[in-house]
Amino acid sequence: MVYHDVETASRDDLRDLQDDRLQRTIQHVYDNVDFYRTKMDDAGVTPADVESVADLSKLPFTTKEDFRDAYPDEHFAVPDAEIERIHASSGTTGKPKVVGYTANDLDVWSAVMGRSLATAGVTPDDTVQNAYGYGLFTGGLGIHTGCEDLGANVVPIGGGQTSRQIELLADLGAEVYTSTPSYALYLAEQAEQEGYDPREFALDTVVVGAEPCTEPMRAEIEDALDVTALDIYGLSEIIGPGVSMECPEKDGLHVWEDHFYPEVIDPTTGEVLPDGEEGELVLTCLTKEAVPTMRYRTGDLTTLHREQCDCGRTAVRMEHVTGRTDDMLVVRGVNLYPSEIESVVLEFDEIAPHYRIDLRREGRLDEIQITLERDSTDQRDAIDGSDSTDLRERILSRLETVLNFTPDALTIVEPGGIERQETGKVKRVYDHRE
Ligand code: DLL
């Protein structure tokens, strides 16, 4: 369902809208945020020099470190009285990144979230059970207000309480479930353990996000819950969930570029890359008032495509995020991402979609250990029997062929042998080096 005319606007009209909005936002940050004014002055750029999104490359990037250094509110561009809500995203180190919203920012967010849910096929007749965490994390309230904008019925269960989630799914019959991909799988697994058939729930769509989801992982979710799983992307520094959303064509996530302008750059040189080439996503807020982030280096790796989607929407599409620039593992000179390992190991039906990667330093060498879990439907009776040895060999050989990589150790544990995580974002890589 097309929710707003802008979704099918011509690219020329969209460009005019972006240029107009960018000019206003540049002037706003220059006038109201010391950080941007100083950076622009240092670069010798004035707001008048940025007439169009084509001029964006004149502007310096904003980095995660800039955001952390601005703690708590140095990037705020409006007086305190205009701030209506605060969210924050906590990294693994340092201070959280704090973001504020004006009343208009909250309206824009609800509207892009309503649009995102409609893009996933959600209608006002649907019930949405929202299992993203409520609170400072943007997931819970972001999805929640989007449901309200759309007029869908929202069940605000939030993260965790898995038995309760299962009971509500069975009793309230939500058609739509929203959670991280790892939690959707955990839910299906727990439901089965509690005697339900998770494929029998009324669910038809799961909106997954906040973590990478490879195609084999999506297939696992769709099979476990008998649903269509669609990817939603976003980040606190830009607005929260609702920056981009996949439609049922499953051909990339539509970036709502009337509000968020995307570029993809070479993470090493900072050079803007042409469509079709993978690099780091850089986003610019075109309409945000409270924290209008300019040219933000997200650290997320993706590829942009500008041809029109079969659904009729004209917005640029981004591929699933494959990982983060800082997730890259360098093992004996080979660069690889956890998602690449995930894609290979989940090709094997005998392997469950749960795994962990441990990195250690032995002397001066980095060692990488992969732990996989046998799928509970796999009939093999002994994990250390010859079948398992054969399975290990086949996985190792596939890793070598596809990724040119052999881990120092590959272990396959019994079903349930890898610890599950009930709340927050899944952790798969454990780095025990200093
Ligand atoms: O995770 C916002 C969100 C909530 C998105 C619910 C989707 C659903 P942050 O906590 O600020 O915000 O984390 C943002 O999470 O830079 C990506 O690295 C990652 N991320 C978010 N969505 C996806 C996705 C929310 N669909 C960071 N695929 C981002 C891969 C994602 N990674």
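Two residues are in contact here when heavy atoms of one lie within 4.5 Å of the other's. Keep that in mind as you click around this predicted model, where local features need pLDDT of at least 70, side-chain atom pairs count only at pLDDT 80 or more, and totals for chains, interfaces and linings use all residues. Residues are numbered from 1 along each chain as its sequence is written, and side-chain values use heavy atoms, with hydrogens and water left out.

**Stop 1: Thr303**

Select Thr303, in the loop that links strand 12 (296–302) to strand 13 (304–305). Helices (H or I, at least four residues) and strands (E, at least two) are DSSP runs, numbered from the N terminus. Leaving aside residues up to four places away in sequence, Thr303 touches Gly276, Glu277, Glu278, Arg317, Met318 and Glu319. Is Thr303 buried or exposed? Its relative accessibility is 5%, so Thr303 counts as buried; buried means under 20% relative accessible area, exposed over 50%, and partly exposed in between, with a 1.4 Å probe and protein chains only.

**Stop 2: the ligand**

Next, look for polar contacts, meaning pairs of N or O atoms within 3.5 Å. A nitrogen atom of the ligand sits 3.1 Å from a backbone N or O atom of Ala210. For Glu211, a polar backbone atom is 3.1 Å from a nitrogen atom of the ligand. Then go to Arg324, where a side-chain N or O atom is 3.2 Å from an oxygen atom of the ligand. On its own the ligand would expose 610 Å², and the protein buries 93% of that (areas by the Shrake-Rupley method with a 1.4 Å probe).

**Stop 3: two domains**

Colour 1–327 as domain 1 and 328–431 as domain 2; these bounds come from an automatic or database domain assignment. Their C-alpha centres lie 30 Å apart. Where they meet, 23 residues of domain 1 are in contact with 20 residues of domain 2.

**Stop 4: helix 9**

Finish at residues 338–345, helix 9. Six of its eight residues are buried, so helix 9 is largely enclosed by the rest of the structure. Select Pro338, Ser339, Ile341, Glu342, Val344 and Val345 to see the buried ones.

Definitions and conventions:
A polar contact is a pair of N or O atoms within 3.5 Å; within protein, one must be able to donate a hydrogen and the other to accept it, and residues adjacent in sequence count only if both atoms are side-chain atoms.
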